[in-house]
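Let's take a walk through a protein model together. Have the sequence and the 3D view ready, and turn the view around as you read.

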Amino acid sequence: MNGADSSYASLRGRSPFAIIWMFAAIVLCLLILANFSFGVLSSLRAYVGGESKWSKAQKDAVFHLQKYATTRAADDLRQFLDNIAVPLGDHTARLEMNKANPDIQKVRLGFAGGGNNPDDIDGMFNLYRRFHRVSVMQRAIQAWEAGDDYIIQLDKAGRSLQREIESSSPRAQDIESTLAEVSSINEKLTPIENQFVDALSQASRTTFKLLQAIMFAATPGLLILGTVLSLRILQQRKREDDRVRHIAFHDDLTSLPNRLMLTQRLDQALSRHRRAAMKLAILYLNLDRFKVINDSLGHEAGDALLRQVADRLRTQMREGDTLARVGGDEFVVLIENYENSIDVSACAQRLVEQLGLPYVLGNKDCHVTLSLGISIFPSDGCDSRALLKAADMAMYRAKETGRNNYQYYVPSMNVHTLERLELESDLRRALERGEFLLHYQPKVDIGSGLITGVEALLRWKHPRRGLVPPLDFIPLAEETGLIVPIGEWVLATACARMQAWQGRALPKLSVAVNLSARQFADSKLFAKLTRIIHTSGLDPALLELEITESVVMSYGESAVAVLDKLKSIGVQIAIDDFGTGYSSLAYLKRFPIDTLKVDRSFIRDIPGNSADMKITRAIIAMAHGLRLNVVAEGVETADQLQFLRSQSCDAVQGYLLYPPLEEDKVAAVLEFNRLNCADSIAVPA
């Protein structure tokens with residue numbers, strides 16, 4: 001089962017449980033409401049019970065105080081104090097609860113002193129704080145406050161009576177007066193107690209009716225809500241089913257059919273075409289150098305480019321054709337009911353041309369090309385797998401023949417594809433087997449004729465194939481990502497070799513190493529380079545990193561930070577293949593560049609091509625105006641050298657002077673060059 005099918009089954013499995021959880025939530029809401037209701041009623045009951053204790057304690061306090069006035073016994077006084085402590089405890093709790101930020105511990109102590117059950121105290125506190133503004137609660141609280149005032153007076157009367165009785169000469173008149181006051185307080189407390197009980201009773205009845213109404217209203221309401229939500233869930237389930245089916249058969253980024261749907265449609269089309277003895281064609285499309293754009297501009301830009309490609313492809317499709325995205329930058333077109341191969345070729349050429357037009361990513365134009373392979377039913381295969389494989393092989397042949405073209409499948413491509421797979425397998429083991437080596441091409445100062453540096457060039461000595469041409473394996477290394485560890489090996493080897501030559505008292509010169517787009521995108525590039533330089537002991541100023549202008553421009557402002565870090569340790573920066581990119585010249589003043597290397601395509605036809613001479617002359621003048629060094633690549637004739645000398649080009653490379661040399665020959669050339677400066681190159685005194 002693939003990922004989409006798994007998601008589909010998972011969603012279907014969850015829907016009944018979602019309904020169960022919905023009803024469970026409704027039941028939980030009802031339980032919470034019931035619990036709250038019982039809590040309120042229980043707290044009201046606790047206040048009613050507390051009032052009974054309060055009233056009994058108050059009356060007992062009056063009785064024992066009056067008895068104390070007669071008997072003057074200490075036990076009667078003690079019982080008065082014990083009984084008066086009950087309403088005083090409730091009084092303390094009420095005063096604390098009236099505060100903005102009450103101390104719950106003091107409230108608990110007060111209610112406990114009032115004889116209330118500890119389990120009821122928190123509920124009594126919450127009821128008082130939450131509902132003290134409700135009218136019936138306000139009436140009860142007012143009665144409570146009035147009763148507390150009389151309790152305070154009663155307490156004061158009791159203590160006054162105690163002082164009078166315990167004095168040396170008690171006065172009967174004062175004792176009688178105090179007892180009269182006590183009787184008056186007792187009479188006034190009775191209606192207040194009744195008011196408090198009536199208020200709480202009304203509050204209890206009102207709360208019960210209100211909560212009963214809420215329960216009766218909420219229960220059917222929640223059940224109706226649950227039913228509605230259940231129906232909505234079932235509707236959502238259907239929408240999710242449709243969505244999952246879409247996900248299972250479509251590409252999420254472009255909304256095009258994916259490989260699964262393509263295979264189904266192709267199988268169906270093959271069945272129809274077999275019965276009708278008709279042909280169909282498969283066009284396998286792949287964007288050239290898409291990985292460079294993805295790595296340099298980021299995955300968001302890569303996704304935007306793929307969406308634009310999909311939109312452009314849609315406009316080129318006939319009704320009835322199937323367009324699918326089957327991989328990262330790979331698309332397939334299924335063409336049915338075409339009249340002849342000329343129609344297929346015309347469609348393929350149209351796609352190559354249309355997809356080669358510029359794309360807009362952000363504020364800049366981006367150029368990609370298309371490689372396209374074609375397979376035909378039934379000549380190239382009788383099932384979907386064979387046809388797709390054949391078209392894929394043809395697409396890779398289109399890439400190998402220069403990209404930006406289309407190729408029809410032929411059986412001989414099978415052999416070539418196997419060779420490519422074998423080459424990729426060998427490339428993955430070449431580094432650990434020590435099959436790579438470096439050649440060095442000298443860079444010559446055009447004025448003095450002295451070699452001022454060398455460029456390290458990667459070579460692969462295959463155990464069976466011999467020296468593999470760089471164009472045969474470097475693009476493959478970039479495509480597979482192997483260029484990153486291979487590039488690190490090139491840097492380490494070149495730096496170590498240059499330091500070894502410096503130790504032999506050979507002329508001091510720099511070594512240039514090319515950085516690919518993948519290396520430049522490596523977040524650990526600076527750390528790796530620092531470690532390599534430190535390990536080799538090479539002066540960083542003798543290392544020159546060559547980067548193409550398209551790579552630099554692809555990174556924009558982030559490239560400035562990378563190059564600044566490299567410059568901070570003394571590394572030199574050169575722009576390789578200058579003039580072949582799509583960039584603006586504004587970056588030359590923004591980026592910390594030391595050298596421009598004029599691409600060999602501008603040098604090759606000098607002096608026969610006047611346009612190339614003008615371009616080269618302009619590049620040299622511009623670079624010198626920006627205080628940059630200029631190196632011309634691909635110098636192969638004396639006329640080319642003479643022209644570059646006349647334009648004050650700083651240095652040259654090419655087979656006219658030195659081809660790429662093996663490591664053991666470089667030292668001899670450097671020594672010879674130092675002792676015998678080439679008169680044919682040096683400028684006359």
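A quick word on the ground rules. What you see is a predicted model, where local features need pLDDT of at least 70, side-chain atom pairs count only at pLDDT 80 or more, and totals for chains, interfaces and linings use all residues. Residues are numbered from 1 along each chain as its sequence is written, and side-chain values use heavy atoms, with hydrogens and water left out.

Start with the whole chain. It has 23 helices and 17 strands; helices (H or I, at least four residues) and strands (E, at least two) are DSSP runs, numbered from the N terminus. The chain's radius of gyration is 48 Å, well over the 26 Å that the globule rule gives for 685 residues, so the chain is more spread out than a compact globule. (That radius is taken over C-alpha atoms, and the globule rule is 2.2 Å times the number of residues to the power 0.38.) Along its principal axes, the C-alpha trace spans about 145 × 80 × 45 Å.

How much of the chain is buried? The share is 45% of the 685 residues, where buried means under 20% relative accessible area, exposed means over 50%, and partly exposed lies in between (1.4 Å probe, protein chains only). The accessible surface comes to about 34,300 Å², and 55% of that belongs to carbon and sulfur atoms. Accessible areas here come from the Shrake-Rupley method with a 1.4 Å probe; for residues, only the protein chains shown count as cover. As for contacts (heavy atoms within 4.5 Å), look at those in the chain with a separation of 6 or more: residues 24 or more positions apart account for 70% of them.

Now for the holes. Rolling a probe the size of a water molecule over the atoms shows where empty space is left. On a 1 Å grid over the protein atoms alone, a cavity is a set of points where a 1.4 Å probe fits but cannot get out, and its lining residues have an atom within 4 Å of a point. Grid points are joined across faces, edges and corners, and a volume is the space filled by probe spheres set on the points. Counted this way, there are 5 cavities of 30 Å³ or more.

The largest cavity has a volume of about 160 Å³. Its lining is made of 16 residues, and E51, W54, D90, W144 and F196 lie nearest its centre. Which helix gives the most to this lining? That would be helix 1, with 5 residues. Helix 1 (3-71), helix 5 (135-165) and helix 6 (172-249) each supply at least two residues. By type, the lining divides into 9 nonpolar, 3 polar and 4 charged residues. Here Ala, Val, Leu, Ile, Met, Phe, Trp, Tyr, Cys and Pro count as nonpolar, Asp, Glu, Lys and Arg as charged, and the others, Gly among them, as polar.

The second largest cavity has a volume of about 60 Å³. Around it sit V484, E488, L491, Q519, D522, L525, K528 and I532. Helix 14 (483-503) and helix 16 (525-536) are the elements that give two or more residues to this lining, which divides into 4 nonpolar, 1 polar and 3 charged.

Next, zoom in on the backbone. Most residues other than glycine have a negative phi, and most peptide bonds are trans. Against that background, go to F377 and P378, which are joined by a cis peptide bond with omega of about 10°. P378 sits in the loop between strand 6 (370-377) and helix 11 (384-400). The bond from I606 to P607 is cis too, with omega near 5°, and P607 is found in the loop between helix 20 (600-603) and helix 21 (610-625).

What about phi? N404, in the loop between helix 11 and strand 7 (406-408), has a positive phi near 55° without being a glycine. N404 counts as partly exposed, at 38% relative accessibility. R627 also has a positive phi, about 60°, and lies in the loop between helix 21 and strand 15 (629-632). With a relative accessible area of 79%, R627 is exposed.

Finish with P660, in the loop between strand 16 (651-652) and strand 17 (661-662). P660 is buried, at 17% relative accessible area. Leaving aside neighbours within four places in sequence, P660 is in contact with H439, Y440, Q441, L457, R459 and Y655.

Technical notes:
1 Å grid on protein atoms, 1.4 Å probe; cavity = no way out; pocket = protein on both sides within 12 Å on 5 of 7 lines; lining within 4 Å.
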